[in-house]
Amino acid sequence: MKPRAVIVGAGLGGCMLAHALLPTHDVVIVERGAEVEDPRYPVVDVGLPAVTQPHVGAGLGGSTQLWHNGLIEIDEEIFAAHWPFPKAELDPFYAQAFELLADTPLAHVREAIERLRQRYRELGLPPGLMQGLYYPRWPRNLWTSLQLQGRVEVVRGNVVDFELGDGGALAALTVEEGGERRRVEGDVFVLAAGGLGTPVLLQKLARHLPLPGAAHAGAHYEDHPMTFVGEVEVTVPLYRLWNYRVPGTDGNLRLPLVVKRAGLHMSFQLRPAANYYRASRREQVGSVLNDLRRNPWNPLHYARLFRHWDDILDILSFKFGIHLPTRHYTLLLCAQMPTAPERSVWSQPAQDGAGEAGVRCWTLPQAFRDHMDQAVQDVLAWLAPVTRSARIFSGWQGDLRSAAHHSGTARLSADASAGVCDVDGRVHGMANLYVCDGALIPASGIANTGLTIAALALRLAAHLRGRPAAAPRASSQP
C-alpha cells in the first residue's frame, strides 16, 4: 500500500508537490476555497493596506489562477546571507521546476540572460547586478496544467483541528465544511496554505502541544513593496530590449536593475512609456494588465486600457514582439524589505461569525523607507551615462502596494531558535508534518517567489520519497 500524503492547500506549492508525489504516494489535497476569491476567508490588513487586490488566491490552483507568474531565481548572495543551505543545493530543483512551469530548459534561459546583459552594456549601460526575470507567454493554472483532476483526492473544507499520534507524529486532521466535520488520516502531512494561511494553521496546532519553533509562526513576514517611483528620458534605444523574446521559446525576458542598501536588494524595471507624466496626469501611471488577465471578457477593462498607453506598449512587445520606439521610461520599484521577529500574521473570527479572517500587519520602518529613497538615487546614478533627463515622482511612497509575495512566516532554519522548519521543511518537533509554500522562504531578495516555491516542492518530494515506509493504517470512515 502506498503511503498517504495529505496536503493542505491547492496553490502552487501544493499542486507541484502533489504532482511529484503521485508516482509513490496516494495524495489527498484539502482545499477550503470554493473559488479563487472566497469571501468566507478574508484577509484583514491592520498595518499598511495591500492595495493590490486580490493579493491572496484560493481554490484549485490558488494564486496561479490570478497571476502571470514571472520566473526568477533568488540570488546566490541572498542564500548565503539568510538560508540554512547554499543555493547550489536547490539548483537541480530550480531546473526541474522551471521546465514544468515554462516548458523551457532553465540553462537555455540562463544563456539568454547573459546575452541580454551584454546587449545592455553595448548600449552604454554600466555593469551591475541585473537579474533575469522570465515570463512564459501564457499564464497557467497549475491544477490544470499538471492535470491533477481525477489523479488526487480532493477534500473540501477548512482545517479546524489536529489529532496527535505517537512519537511526535500527526495522525489526522479535522476538516469542516458546511457545518459538517470530517476526519482525514494520513502518513505524512504538508501545510501548503500560503504565507498567510500556513502560519495560522501552525498557531492552531501550537494550542495542542508546545512546538519548539511556535514563536516564529507568523513572524519574519516578508512581502515586496512596489510602485512607480519616477521616470527617465534616455539617449539609447533600450525599448528594443524590453520583453526580450528568448530564441526558441514563446517567453519573454526582463532584466531588473538591482541596487543594494543596508544589505537589502532593491530592483527597478525600466518600463517603456508613451510619454512623460506631468503632475496633472500622474494617476495614469499604473496598469490594468492584471485585471485584463483575470477577466479578459470585461469590456470596461479595455476602455480603461486606452487611459494606460504604457500597457498598450507592453502588450505589443509581450504578445506580438512589436517594440514601438520611445525615449521615455517609468521606473518600477520592487524592494526586499527587512523582516522582524514580531508576529505579523494571525487569525480571528470573521465579522459575521460564520468564518475565519486572516490578519496581516504589514509595516515598513522609517529607516527602510530612507533606504528606498537612497536606492532611487543610486539607480538614477547608474543610468546617468544614458539619461537625458529624470524626475522622481513626489509622494511616491504613498503609492506603495503589496506584490503578493507573502513569505517567511514558517521559515527554514538550522534549529528551532531561528524558525519553524528544519532544512527539509519538516516542522521542528514533529515527525511527519512539513511546510511547502512561501512561508518556508527565509529571504527572497527581489525575486518573485513562485519558482522557488516550486523548486522547494520538488525538493520536498524527493525527501519524502526517501522516507521509510509507514506502518499500515487502520481504515476509518469519513
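Student: Is the crossing of helix 1 and helix 11 left-handed or right-handed?

Tutor: Helix 1 and helix 11 cross in the right-handed sense, meaning that the near helix is turned clockwise from the far one by less than a right angle, with anticlockwise being left-handed. This is a predicted model, in which local features need pLDDT of at least 70 and side-chain atom pairs count only at pLDDT 80 or more, while totals for chains, interfaces and linings use all residues. Residues are numbered from 1 along each chain as its sequence is written, and side-chain values use heavy atoms, leaving out hydrogens and water.

Student: OK, and at roughly what angle do the axes of helix 1 and helix 11 cross?

Tutor: The axes of helix 1 (residues 12-21) and helix 11 cross at roughly 35° and come within 8 Å. Helices are DSSP runs of H or I with at least four residues, strands are runs of E with at least two, and both are numbered from the N terminus. Axes are lines fitted to C-alpha atoms, for helices over the stretch in contact, and angles run from 0 to 180 degrees between N-to-C directions.

Student: Which residues make the contact?

Tutor: From helix 1 they include Leu12, Gly13, Met16 and Leu17, and from helix 11 they include Ile453, Ala457, Leu460 and Leu464, where contact means heavy atoms within 4.5 Å.

Student: Switching to the largest nonpolar core, which residues touch the most other members?

Tutor: Met266 and Phe268 do, in a core of 135 residues, and helix 11 (residues 450-465) supplies the largest share of this core with ten residues. A nonpolar core here is a set of buried Ala, Val, Leu, Ile, Met, Phe, Trp, Tyr and Cys residues joined through side-chain atoms within 4.5 Å. Buried means under 20% relative accessible area, exposed over 50%, and partly exposed in between, with a 1.4 Å probe and protein chains only.

Student: And what is Phe268 in contact with?

Tutor: If neighbours within four places in sequence are left aside, its contacts include Val229, Pro256, Leu257, Leu331, Leu333, Ala375 and Val379.

Student: Now strand 10: which residues are buried on its faces?

Tutor: Strand 10 (residues 188-191) is covered on both faces, with Val188 and Val190 buried on one side and Phe189 and Leu191 buried on the other. Strand 10 pairs in the parallel sense with strand 1 (residues 4-8) over four bridges, and also in the parallel sense with strand 21 (residues 433-435) over three bridges; two strands pair if DSSP finds at least two bridges between them. Val190 is the bridge partner of Ile7 and stands opposite Tyr434 in strand 21.

Student: What about the open sheet with the order 7-8-9, is its pairing parallel or antiparallel?

Tutor: The pairing in that three-strand sheet is antiparallel. Strand 7 (158-164) and strand 9 (180-185) each have a single partner strand, so one side of each is left without a neighbour in the sheet. Neighbouring strands are turned by 25° against each other on average, direction ignored. Six bridges join strand 7 to strand 8 (residues 170-177), and Leu164 stands opposite Leu170 in strand 8.

Student: Which helix lies across strand 7 and strand 8?

Tutor: Helix 6 does, running at about 40° to strand 7.

Student: Where does Pro54 lie?

Tutor: Pro54 lies in the loop between strand 3 (43-45) and helix 2 (76-82), and the peptide bond from Gln53 to Pro54 is cis, with omega near -15°. Val51 is found in that loop between strand 3 and helix 2, and its phi is near 65°. Most residues other than glycine have a negative phi, and most peptide bonds are trans.

Student: Is Val51 buried or partly exposed?

Tutor: Val51 is partly exposed, at 41% relative accessibility. His220, with phi near 55°, is buried, having a relative accessible area of 7%.

Student: Last one, how many disulfides does a search of the whole structure find?

Tutor: The search finds zero, a disulfide being a pair of cysteine sulfur atoms within 2.5 Å. Among the cysteines, Cys334 is buried at 10% relative accessibility, whereas Cys361 is partly exposed at 23%.
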